[in-house]
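Let's go through this model together and ask what stands behind each label. Have the coordinates open and follow along.

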Amino acid sequence: MTAIIDGHDTTAEARSLEDSIVKDADKLWRYTPHGVTTIGKWFEIGKTEVLDILDGHVLPKLLTKEGKWLAKSFLEVAYTELNAATLIKQ
């Protein structure tokens, strides 16, 4: 278990299912409202740009179908909230 924790963010390939889960979990926090806000502050970019980066660059790196499903779900909610005012006016 310590090898998984030690290498979770340094190796691209997963060594086991457990390693895949830890790698995905590490990336998935970025999709939470807190993660999106934190990333925006780090790079001084807006929410839309953060979401676009997550969608285009991080999502393809997720290893499990469950991780991808969760990421897509977080993105759908975030994009909907971002565009709610426009959607309501239609």
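In helix α3, the buried residues include G35, V36, T38, I39 and G40. This is a predicted model, in which local features need pLDDT of at least 70 and side-chain atom pairs count only at pLDDT 80 or more, while totals for chains, interfaces and linings use all residues. Residues are numbered from 1 along each chain as its sequence is written, and side-chain values use heavy atoms, with hydrogens and water left out.

Q: What covers the buried residues of α3?
A: The cover includes α4. Helices here are DSSP runs (H or I, at least four residues; strands are E, at least two), numbered from the N terminus.

Q: How many helices and strands are there in the chain?
A: The chain has 6 helices and 0 strands, and along the sequence the pattern reads α-α-α-α-α-α.

Q: Why is S20 called buried?
A: Buried means under 20% relative accessible area, exposed means over 50%, and partly exposed is in between (1.4 Å probe, protein chains only). S20 has 12% relative accessibility, so it counts as buried. This serine sits in helix α2. Beyond its neighbours within four places in sequence, S20 is in contact (heavy atoms within 4.5 Å) with A14, L63 and T64.

Q: What makes L75 buried rather than exposed?
A: Its relative accessible area is 4%, so L75 belongs with the buried residues. L75 lies in helix α5. Leaving aside neighbours within four places in sequence, L75 is in contact with Y31, L51, L54 and D55.

Q: Which residues have the most contacts inside the largest nonpolar core?
A: They are Y31, V50, L51, L54, L62 and A71, in a core of 14 residues. The term stands for a set of buried Ala, Val, Leu, Ile, Met, Phe, Trp, Tyr and Cys residues joined through side-chain atoms within 4.5 Å. Helices α3, α4 (47–58) and α5 each give two or more residues to this core, and the largest share, 4 residues, comes from α4. As for L51, not counting residues up to four places away in sequence, it touches V36, L75, A78, Y79 and L82.

Q: Why is the pair of W29 and W42 called edge-to-face?
A: A search of the whole structure finds 2 aromatic pairs. Here the ring centres of W29 and W42 are 6.0 Å apart and the planes meet at 75°, so this pair is edge-to-face. The definition asks for rings of Phe, Tyr and Trp (its six-membered ring) with centres within 6.5 Å; planes under 30 degrees apart are stacked, over 60 edge-to-face and the rest tilted. The pair links distant parts of the chain: W29 is in the loop between α2 (17–28) and α3 (33–43), W42 is in helix α3, and they are 13 residues apart.

Q: What makes the pair of W42 and F43 edge-to-face?
A: The ring centres of W42 and F43 are 6.4 Å apart and the planes are at 80°, so the pair is edge-to-face. W42 and F43 are both exposed. With W29, they form one aromatic cluster.

Q: How do you know that W69 is exposed?
A: W69 has a relative accessible area of 57%, so it is exposed. W69 lies in helix α5 (residues 65–82).

Q: Why does E44 count as exposed?
A: At 75% relative accessibility, E44 is placed among the exposed residues. E44 is found in the loop between α3 and α4, just after α3. Although E44 is not a glycine, it has a positive phi of about 55°.

Q: What share of the 90 residues of the chain counts as buried?
A: The share is 29%.
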